[in-house]
Amino acid sequence: MRYLIISDIHSNLAAFEAVLADAGSFDKVWCLGDMVGYGPDPNECVEQLRDLPHICVAGNHDWATLGKLDTEDFNPNAKRACLWTRKQLSPSNLEYLEALPKSLIEEDFTLVHGSPRHPIWEYILNSSIAQANFEHFDTRFCFVGHTHVPVIYRDNPNQACDTLTPSLNDPLVLGEDRLIINPGSVGQPRDGDPRASYAILDSDELTLEYRRISYPIEITQARMAEKDLPVRLIIRLAYGW
Ligand code: ZN
């Protein structure tokens, strides 16, 4: 099976469409949460995903939009975007987000938004947090999102785990090692590269390919300005942070 691995679309339809156009054929989408929040097209993004064969877990912005997580923990811009999103979503899309599970297991992969230890809110920001998380899932591999930074952590039970920076367009053979894998963010990359980030998993060959694709950032920015979303959120898209 060929899976499209995506995370943190954050209502950025132009970025999501660019990823779908670039990905080629796939059997199913595995989405790691935060469909909404920050961007201008929450309904369109949820509906685009719902039209595809897919599975999806819940992210902190999805929960905050639903009122399942307190927006007081968000910075003021994220909170404003979240409250705006809540008003936009159709009843059917709210119901869809409401039903998303916190974690899923498919083949030898666990899927969560934040971390296997705390699926909704924990950020795996470094190797020591990653190492502590390896004992919180039973499959060989775990996909996470949430930090918006593409990275792979390799389990190393005797010391701090290894941090691997994935190379692009070069399928990585997943060997015997246990890995925590972050595909980066479709709609709001934060690693200094503004292009949409995603990955393709071939579960027969057991290979994972990281990809980046440019998208018309100015379209998303213009739509955000139209909706009066926070300027800081509009500007950051161009810089990938
Ligand atoms: Zn996010």
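Ser185 is found in the loop between β10 (179-182) and β11 (196-202); helices (H or I, at least four residues) and strands (E, at least two) are DSSP runs, numbered from the N terminus. The model is predicted: local features need pLDDT of at least 70, side-chain atom pairs count only at pLDDT 80 or more, and totals for chains, interfaces and linings use all residues. Residues are numbered from 1 along each chain as its sequence is written, and side-chain values use heavy atoms, with hydrogens and water left out.

With a relative accessible area of 0%, Ser185 is buried; the term buried stands for under 20% relative accessible area, exposed for over 50%, and partly exposed for values in between (1.4 Å probe, protein chains only). Residues up to four places away in sequence aside, Ser185 touches Ser7, Asp8, His148, Ala196 and Ser197, where contact means heavy atoms within 4.5 Å. A polar atom of the Ser185 side chain lies 2.8 Å from the backbone oxygen of Asp8.

Distant parts of the chain are linked by the pair His10, in the loop between β1 (2-6) and α1 (13-23), and His148, in the loop between β6 and β7 (151-154), which are 138 residues apart. His10 counts as buried because its relative accessibility is 2%, and His148 is likewise buried, with a relative accessible area of 2%.

The description now turns to the strands. Six of them form an open sheet with mixed pairing, in the order β3-β2-β1-β11-β12-β9. At its edges stand β3 (54-56) and β9 (172-173), each with a single partner strand, so one side of each has no neighbour in the sheet. Two strands pair if DSSP finds at least two bridges between them. Strand β2 (residues 28-31) pairs with β3 in the parallel sense over three bridges, and the bridge partner of Val29 in β3 is His54.

Elsewhere, strand β4 (residues 103-106) runs antiparallel to β5, joined to it by four bridges. Leu104 has Leu111 as its bridge partner in β5. The two strands form a hairpin with two residues between them, and Glu107 in the turn has a positive phi of about 50°. In a regular strand the side chains alternate between the two faces of the sheet. In β5 (residues 109-112), Phe109 and Leu111 point one way, Thr110 and Val112 the other way, and all are buried.

Strand β5 also pairs with β6 (residues 141-143), in the parallel sense and over three bridges. Between β5 and β6 the chain passes through helix α6 (residues 127-133), and this β-α-β crossover is right-handed: with the strands pointing away from the viewer, the path from the first strand over the helix to the second runs clockwise.

Note on methods:
A polar contact is a pair of N or O atoms within 3.5 Å; within protein, one must be able to donate a hydrogen and the other to accept it, and residues adjacent in sequence count only if both atoms are side-chain atoms.
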